[in-house]
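Here is a short note to read beside the structure. Please keep the 3D view open as you go through the points.

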Amino acid sequence: MMTTIRAANGCSSSVLRSPPPLRALRRLCFSRRRPPGAPPHPAAAARSRARWSAAAAAAALRCERSYCVHSLVEGVIEEIRESRRRRLACSASKMALTGSGELLQDKLVNRALEKGLLLEFKKDSEKVLLAVTQRPDGKKNWMVSDQNGVSSSIKPQQITFIVPGVENFDQKEISDFLQRAEDNLDPTLLEFAWVELLEKNKSVTAEELAEMIFGGSEPLESYCAHLLLSKDEIYFTVIEAKGSRRIYGPRPAAQVEEQIRRKLAREAAEKEIEEFVQLLTSAKLMPYPAKPRKSSWLTEEKIRKKIESLECYAIDACKNDEQRKLAGVILKAMGLTKTASSAVNLLIDIGYFPVHVNLDLLKLNVPTVHSDEIISAAESLLLSQLVDLDETDRKDLTDLKVYAIDVDEADELDDALSATRLLDGRIKVWIHVADPARFVRPGSLVDREAMKRGTSIFLPTATYPMFPETLAMAGMSLKQGELCNAVTVSVVLHSDGSIAEFAVDNSIIKPTYMLTYESASELIHLSLEEEIELKILSEAATLRLQWRRQQGAIDTATLETRVKVPDPEEPEPEIKLYVEDQADPAMRLVSEMMILCGEVIASYGSQNNIPLPYRGQPQSNIDVSAFSHLPEGPVRSSALVKIMRAAEFDFRKPIRHGVLGIPGYVQFTSPIRRYMDLLAHYQLKAFLRGESLPFSAGQLEGIASSVNMNARLAKKICNTSLRYWILEFLRRQPKEKRYHALILRFIKDRIAALLLVEVGLQASAWVSVGRDIGDEIVVRVEESHPRDDFLSLREVI
């Protein structure tokens, strides 16, 4: 059959040279027989293998010279006929393969265990050892002493081979026995044995194979044959097994070809892994600026597949078991544990990931860019000069002094403020909100993309806007000194801060000042006569806060941290950290005006039966007086926040917002960055035009479910990223640096929750006896590991 296969593959004369019968080769190779029991010497074994090869070549040469082309063809035809006859007689030859039932049973008889036997056993799933039996250990187990000199108790099912013909073996000789066995292993001998056994349709034990290829079945020869068979994946397979005994049969030729193909494929894959590991190792050793760019790992298909498997493994996003297995193989080859953190660190070490990679963005598949299709659609909105559906109804408010107050690095401005004092002494304020619905229609391509995102994401390292940047900045955002479309909420306040009257209009404004919170607070403090409008706004904010507190509002002002990292791709980027007090005059002013706007929109929607995303937060069970013993500010706010209930939505009518102390509330002032605010704009603007509302209450509820889920996800990403960079900031500070910390509460025994005042971060630490909630202590940073979200503090006493 082998001759037939080789001839059919087109290898004429040389391929037809079948190996001579093993009996003839055995006579050549083992003509000088050793005394019984004497192990083969390594040099002798090598000479035997050489004589085997020479004999095979000589026999083939004689065969080649003896046949002409005509006889070769006839030989091939005869082989094909013989092959067919064998296939037809397959069922009949099964008995010849296995022998009689009695003979098969004889071959599978296991030798009884006794002291001094040499055996092979499985230490674990991957390790196999040789050992000498010492004594029984219980009913079935045996104590053995292995090749490493270690004694252990093994079960019978752990035994994989008992070396025949051995008694009272000395454990000290195991290593020498193993070495001689390894020296005599030649897997090529299996192919010759396979050919003869396949032709005769016979099976063998290890001892029988030893007799065939070594000319004897002494202990060392039998063990060598066992090793060849047990490690073989190509020519033989186990057809019967009982205990430690195995009977092996030759695989069919087609199966052998398939096994060889698989082996070659496996070896090729292993070589690819080896080459890839060399690339990784080389990249690890390079200085950071010289490391390969991320794009260079993605150009070649074979490399891209492997690097992507590592990336998916790092963020727990493997598409299938094959990808997961490939990443595990690479990590193992690099000498790393098979964990996501190992993959992350490796990708950082080779420069594929930046040192401060944001894994949450990758794990949650957050879109960080807009597609070309969305950008093109957004640009067309700016260039097409869309008809302003509200142009004839816009109220001209360009005569008002307009203040836009935000953080200094704000990319888009959603809101601005104006104020005046009426002749009767009451205060009138205007809250101007950007009008993105001037450009975007419900259901349009750009709108659907904004809905899918749900919110802009503001991270220390970057901003990922809900709308494409060109549209948000050039068209929607309020800009100083330019005419801007807006939706304006105007409110007249009673002297106690309650709402006397209000109106909602489409408008045109011309922002006068763009102020940061710091500069606005300074102007308020200076109380300049020429900025009387800002002073009136501050006065209105104070009235509103007092009125809300009378209605049961809960003050949760605390410290708020902002971090900006201009060059996050660098290994040691600059970190700009700001800690802002939410009780700051300018922050209070803006916050109160936003709350006032939300209350007015809720009242307007209620009066006109407009379905809106009404937001509430019932807090009927909170007794604020029970917390009056705590210091006002972050300590009291922290205690109150811990017992607050989650916010609720109603899309038909307002619900009370107990924390804010108002009868209803709708988020309305950030339509460029929050889709829920944009929904409210769609509804109100349609009502103002006298058109049918774009959404029913049920439709709003369905949209809000998806949008709010994305908003919560974005909030989690922002909080995690902010904490990471604060910890990185602390990691870089001198070890001797001290920080002030407020004790917020006790977690367990003397372990307290703290607020680090200088960085606005909550953490925990053990505090000394005598300390109480609200006390300020001094701490130092023991350890800070941003990637592991770990911070260790110690009180300085």
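The points below cover salt bridges and one arginine.

1. Start with the kind of model. This is a predicted model. Keep that in mind throughout.

2. Now the charged pairs. Side chains of opposite charge can pair when their charged atoms come close. Across the whole structure, a search finds 48 salt bridges.

3. Take Arg245 and Glu207. Their side chains form a salt bridge, at 2.8 Å from N to O. The pair links distant parts of the chain, 38 residues apart: Arg245 lies in strand β7, Glu207 in helix α9. Arg245 has a relative accessible area of 16%, so it is buried. Glu207 is at 17%, so it also counts as buried, since buried means under 20%.

4. Next, look at Arg562 and Glu580. The closest N and O atoms of this salt bridge are 2.7 Å apart.

5. Arg723 and Asp789 form another salt bridge, with closest N and O atoms 2.6 Å apart. Arg723 is in helix α24, while Asp789 is in the loop between β24 and β25. They are 66 residues apart. Arg723 counts as partly exposed at 26% relative accessibility. Asp789 is partly exposed too, at 45%.

6. Some salt bridges share partners. One network joins Asp388, Asp390, Arg394, Asp435, Arg438, Lys685, Arg689 and Glu691.

7. Finally, find Arg544 in helix α20. Is Arg544 buried or exposed? Its relative accessibility is 0%, so Arg544 counts as buried. Among the residues Arg544 touches are Leu493, Glu592, Glu599 and Ile662.

Note on methods: Residues are numbered from 1 along each chain as its sequence is written. This is a predicted model: local features need pLDDT of at least 70, side-chain atom pairs count only at pLDDT 80 or more; totals for chains, interfaces and linings use all residues. Side-chain values use heavy atoms; hydrogens and water are left out. Helices (H or I, at least four residues) and strands (E, at least two) are DSSP runs, numbered from the N terminus. Buried means under 20% relative accessible area, exposed over 50%, partly exposed in between (1.4 Å probe, protein chains only). Contact means heavy atoms within 4.5 Å. A salt bridge is a side-chain nitrogen of Lys or Arg within 4 Å of a carboxyl oxygen of Asp or Glu. Lists of a residue's contacts leave out its neighbours within four places in sequence.
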